[in-house]
Amino acid sequence: MRIGLIGTGRIGAFHAATLATLPAVTGIVVHDADEGSARSVAEKVGAQYAGDLDGLLGAGLDGVVVAAPTAFHAELILAARRAGLPTFCEKPVAGTLEETDAVLRALEGAPVPLQIGFQRRFDAGYQAVREAIADGRLGWTHTLRACTADPTPPHPGYIPASGGIFRDCSVHDYDIIRWVTGREVTEVYATGANRGEDFFAAADDVDTAVTLLTLDDGTLATCTATRYNGAGYDVRLEACGSRGTLAAGLTDRAPLTSAEGAPWPAGTPYGGFMDRFQDAYRAELTAFTEVVAGTRPSPCTGQDARAALAVAEAATRSRKEGRPVRVAEAG
Ligand SMILES: NC(=O)c1ccc[n+]([C@@H]2O[C@H](COP(=O)([O-])OP(=O)(O)OC[C@H]3O[C@@H](n4cnc5c(N)ncnc54)[C@H](O)[C@@H]3O)[C@@H](O)[C@H]2O)c1
């Protein structure tokens with residue numbers, strides 16, 4: 001099948017390299033607002049170059065991958081839909097719930113599927129936690145502890161357009177908590193701190209945050225996030241139940257050191273999301289080829305992305321107003 005890729009920046013270039021290795025993909029066409037970036041990626045992976053969006057959508061494609069900045073997701077998803085092409089779009093569908101709802105309304109009844117890029121759903125560790133909760137091995141789950149910690153902040157220009165730490169970072173934890181438990185988040189209390197560089201506060205954002213979630217069955221969850229984790233890229237989830245606890249991401253490469261001198265984990269700490277989730281990104285795009293082929297439904301729908309974004313919006317409001325916020329209040 002032939003796949004079009006829109007956006008060849010950080011994640012787009014990585015997806016291009018992955019797509020080029022998938023047996024189901026016989027051709028790739030790339031487009032980016034920056035011609036140099038698209039041409040360079042096309043050359044590296046043996047893809048065709050399209051100078052504009054219409055050129056890409058008209059290049060005899062079977063599906064489209066959107067990896068442009070968030071501000072363009074809505075219009076690109078709708079353009080792919082008009083072209084009748086199954087679409088994979090990096091998270092989120094759009095920056096706000098209002099825009100997300102407008103896109104989802106426009107897609108209602110559309111014959112073409114939409115898959116959103118929450119790659120943790122394809123990580124072996126998170127999948128094992130989901131199975132253990134579903135088959136009752138952990139008993140009833142009382143607590144989930146999730147963390148997302150970047151080693152260093154993104155460049156200052158990224159932060160004002162990022163939507164803030166809850167929409168940009170913790171949203172992955174909100175999605176995966178919904179996914180592993182099969183439950184919905186009902187209430188959120190969030191707080192944050194700025195002890196790093198000034199550009200976070202200048203953008204009305206925080207560099208470190210904690211969200212306390214209450215799920216609809218009474219399970220409690222905490223999500224911690226920071227942009228300053230000197231030990232490495234730390235993304236883990238502990239699911240604690242009445243009969244046992246299971247941890248995802250607790251591998252030899254987890255960026256942790258035992259205060260008691262235990263000799264483990266001993267591997268090189270994960271350096272970033274591409275390193276930590278390489279296999280998951282590959283599985284995610286493989287799943288998209290199956291969605292394109294019509295052999296499976298979308299494993300992460302627009303409604304899933306909306307639900308995670310609603311939690312992020314509630315968390316953003318909670319931090320600003322200093323009070324617990326019902327997710328239904330966010331919309
Ligand atoms: N799932 C994940 O783990 C993950 C990780 C990183 C980024 N993302 C998401 O991927 C998206 C891209 O992030 P990034 O870090 O790769 O950004 P980036 O800035 O590195 O790359 C974006 C690219 O899109 C191009 N571009 C801008 N406007 C365009 C347009 N209208 N049409 C085509 N190309 C356009 C830019 O020239 C740039 O090359 C964001 O929405 C982000 O939320 C997801």
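Close-up 1. Strand S1 (residues 2–6) and strand S4 (residues 63–66) run parallel and are joined by four bridges. The open sheet comprises six strands in the order S3-S2-S1-S4-S5-S6, with parallel pairing. Strand S3 (48–49) and strand S6 (114–117) each have a single partner strand, so one side of each lacks a neighbour in the sheet. Strands pair if DSSP finds at least two bridges between them; helices (H or I, at least four residues) and strands (E, at least two) are DSSP runs, numbered from the N terminus.

Residues are numbered from 1 along each chain as its sequence is written. The model is predicted: local features need pLDDT of at least 70, side-chain atom pairs count only at pLDDT 80 or more, and totals for chains, interfaces and linings use all residues, while side-chain values use heavy atoms, with hydrogens and water left out.

Close-up 2. A polar side-chain atom of Glu 90 lies 2.9 Å from a nitrogen atom of the ligand. A backbone N or O atom of Ala 33 is 3.2 Å from a ligand nitrogen atom, and a polar backbone atom of Gly 117 is 3.4 Å from a nitrogen atom of the ligand. The ligand on its own has 850 Å² of accessible area (Shrake-Rupley method, 1.4 Å probe), of which the protein covers 81%.

**Close-up 3. Salt bridge between Asp 175 and Arg 121.** The two side chains meet at 2.7 Å, N to O, in a salt bridge (a side-chain nitrogen of Lys or Arg within 4 Å of a carboxyl oxygen of Asp or Glu). Asp 175 belongs to helix H7 (residues 165–181) and Arg 121 to the loop between S6 and helix H6 (124–134), 54 residues apart. Both residues are buried, that is, under 20% relative accessible area, whereas exposed means over 50% and partly exposed in between (1.4 Å probe, protein chains only). Arg 121 and Asp 175 are also linked with Arg 178, Glu 184 and Asp 304 in a network of salt bridges.

**Close-up 4. Salt bridge between Arg 276 and Asp 123.** These side chains meet at 3.1 Å, N to O. Arg 276 lies in helix H9 (residues 273–276) and Asp 123 in the loop between S6 and H6, so the pair ties together parts 153 residues apart in sequence. Arg 276 is buried, with a relative accessible area of 8%, and Asp 123 counts as buried at 10%.

Technical notes: A polar contact is a pair of N or O atoms within 3.5 Å; within protein, one must be able to donate a hydrogen and the other to accept it, and residues adjacent in sequence count only if both atoms are side-chain atoms.
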